[in-house]
Amino acid sequence: FFLCQPTMAMPDWFRHMPADVLAPGALHFYDAATAFRVGATDRQMRNALTQQLLGIKVNVRRKRLSPEVVQSLAKSLRALEGLKELEVDVSFTSIGEHGACQLAQGIGALRRLQSLELLLAGAGLGHSGCERFAKELTSLRGLARLKLDLSVNEIGDAGLRELSKSLRSAFLLKALVLDLNRNRISDPGVAFLAQVVLGLP
């Protein structure tokens, strides 16, 4: 249901997997590309990806995603603890507030993440869901680049206020892109966002 593509140059960071992470007697290989060619088992591939995958892109835009698929996607992302770059597009999938929060929980566990692009346009996110969603992202203190597309939702001023608060924990943030079009946001919400953004490093 989803497409994963490496976002970084494979030759530079696919070379450092020690053979001893594999089970005794298993096929030994030093990178995920070799593992794929020699027909490694699912367990071996999972070990390889968990250890050395630094960037990934997931695109399920306009797909029909069941709650089980969203939960599985969130769980899979959570396991990739070495990720530094992540792009996820679940725009117009109607995953709803619960699905968005599940994704945020999975992504929030990636403490090494430096760049995040999360597209949730038309995902059915309201102000209460945005509040829970924002809290899950506060653990990403190492982010240097953040892009959030929350357009065509219903987060309102209350949701934007909570989202803005979560940005205060991004001490290393250097680039921020927010798309909040068509969200029933008024001047007070924008003013609070501006106040927080001005206080960023």
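Ser94 sits in the loop between β3 and α5, where helices (H or I, at least four residues) and strands (E, at least two) are DSSP runs numbered from the N terminus. This is a predicted model, so local features need pLDDT of at least 70 and side-chain atom pairs count only at pLDDT 80 or more, while totals for chains, interfaces and linings use all residues. Residues are numbered from 1 along each chain as its sequence is written, and side-chain values use heavy atoms, with hydrogens and water left out.

**Exercise 1.** Work out which pattern of helices and strands the chain follows.

*Solution.* Start with the totals: there are eight helices and six strands in the chain. Now walk along the sequence, and you read β-α-α-α-β-α-β-α-β-α-β-α-β-α. Next, check burial: of the 201 residues in the chain, 46% are buried (under 20% relative accessible area; exposed is over 50%, partly exposed in between; 1.4 Å probe, protein chains only). Last, take the contacts (heavy atoms within 4.5 Å) between residues at least 6 apart in sequence: 83% of them join residues at least 24 apart.

**Exercise 2.** Go through Phe92, Thr93 and Ser94 and decide for each: buried, partly exposed or exposed?

*Solution.* Begin with Phe92, in the loop between β3 (85-89) and α5 (96-108). Its relative accessibility is 29%, so Phe92 counts as partly exposed. Its phi is near 55 degrees, a positive value in a residue other than glycine. Then look at what lies over its ring: Arg62 is over the face of Phe92, at 4.5 Å from the ring centre (the rule asks for NZ of Lys or CZ of Arg within 6 Å of the centre and within 35 degrees of the ring normal).

Move on to Thr93, which belongs to the loop between β3 and α5. Thr93 is buried, because its relative accessibility is 7%. Leaving out residues up to four places away in sequence, Thr93 touches Val60, Arg61, Arg62, Lys63, Leu65 and Gly122.

Finish with Ser94: its relative accessible area is 59%, so Ser94 is exposed. Ser94 isn't a glycine, yet its phi is positive, at about 55 degrees.

**Exercise 3.** Find which residues Cys101 touches, not counting residues up to four places away in sequence.

*Solution.* First place Cys101: you'll find it in helix α5. With a relative accessible area of 7%, Cys101 is buried. Now list the partners of Cys101: Gly129, Arg132, Phe133 and Glu136. Take Glu136 as a case: Cys101 and Glu136 are 35 residues apart in sequence, and 7.5 Å apart in space from C-alpha to C-alpha.

**Exercise 4.** Which ring does the charged end of Arg161 sit over?

*Solution.* Look from Arg161 to the ring of Phe192: the charged end lies over that ring, 4.2 Å from its centre.
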